[in-house]
Amino acid sequence: MDHIKVSMEELLFQFLDQSKFLFFPEQWNQTFMDYSKNEAFTLLLIYKNQKVNMTEIAEYLSVPLNTVTGIVGRLEKRKMIERRRDDNDKRIVVAVMTKDGQSFVKEQVELLQSYLNRVIETLSEEEIRVLFHIIDTTFQVLREDKSKSQASEKKVKKITIE
């Protein structure tokens, strides 16, 4: 078992060494590198759905509403999105893309798609099936682990007061 552990550790470090270039801005032509993770995912969510309210962003990112207010404010300041009142219910504030935001995200999505297409083009159909199976399995395991840890965190602790 120790042999497997050492091999897994070695494999992990090889993977990290091989993939570190992904985290340097020069590699991605500034793709979302000037944005925080939450800002980038918010841009993608709004791009995909056209308009979203603050609660939808909070649920998507798994963050509180006051965090969303800051994220939306920063994106608004950069002129990527704007807040508007919902057409049907004026009490609801929605975030929508500006033209600059729309073209920026579209350009970034197309760039990421081109990288993915270049990788996919080098693989056989069987390799593509195996790749997506591994990705699905990986995400399923990670989601299960997250669900288990969240369930254990939600247990109420009784504190004895003396």
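Mentor: Start with a word we need: a residue is buried under 20% relative accessible area, exposed over 50%, and partly exposed in between (1.4 Å probe, protein chains only). The model is predicted, so local features need pLDDT of at least 70 and side-chain atom pairs 80 or more, while totals for chains, interfaces and linings use all residues. Residues are numbered from 1 along each chain as its sequence is written, and side-chain values use heavy atoms, without hydrogens or water.

Our part is helix 4, residues 54-61. Helices (H or I, at least four residues) and strands (E, at least two) are DSSP runs, numbered from the N terminus. Look at its start. There, a side-chain oxygen of Asn 53 comes within 3.0 Å of the backbone nitrogen of Thr 55. Now find the hidden residues. In helix 4, Met 54, Ile 57, Ala 58 and Leu 61 are buried. These four lie on the same side of helix 4, because they cover an arc of only 100° around the axis (taken from the directions from the axis to the C-beta atoms). The rule behind this is simple. An α-helix has 3.6 residues a turn, so residues three or four places apart point the same way.

What covers that side? Contact here means heavy atoms within 4.5 Å. The cover of the buried residues includes helix 3, strand 1 (51-53), helix 5 (65-77) and strand 3 (93-97).

Leave out residues up to four places away in sequence. Thr 42 then touches Ile 57 and Leu 61, and also Ile 71 and Leu 75. Ile 57 and Leu 61 are two of the buried residues of helix 4.

Next, the end of helix 4. Ser 62 follows helix 4, and its phi is positive, near 60°. Other residues have a positive phi too. Gln 50 is not a glycine, yet its phi is near 75°. Find Gln 50 in the loop between helix 3 and strand 1. Gln 50 is exposed, with a relative accessible area of 53%. Lys 79 is also a residue other than glycine with a positive phi, near 65°. Lys 79 sits in the loop between helix 5 and strand 2 (81-85). With a relative accessible area of 57%, Lys 79 is exposed.

Key:
A polar contact is a pair of N or O atoms within 3.5 Å; within protein, one must be able to donate a hydrogen and the other to accept it, and residues adjacent in sequence count only if both atoms are side-chain atoms.
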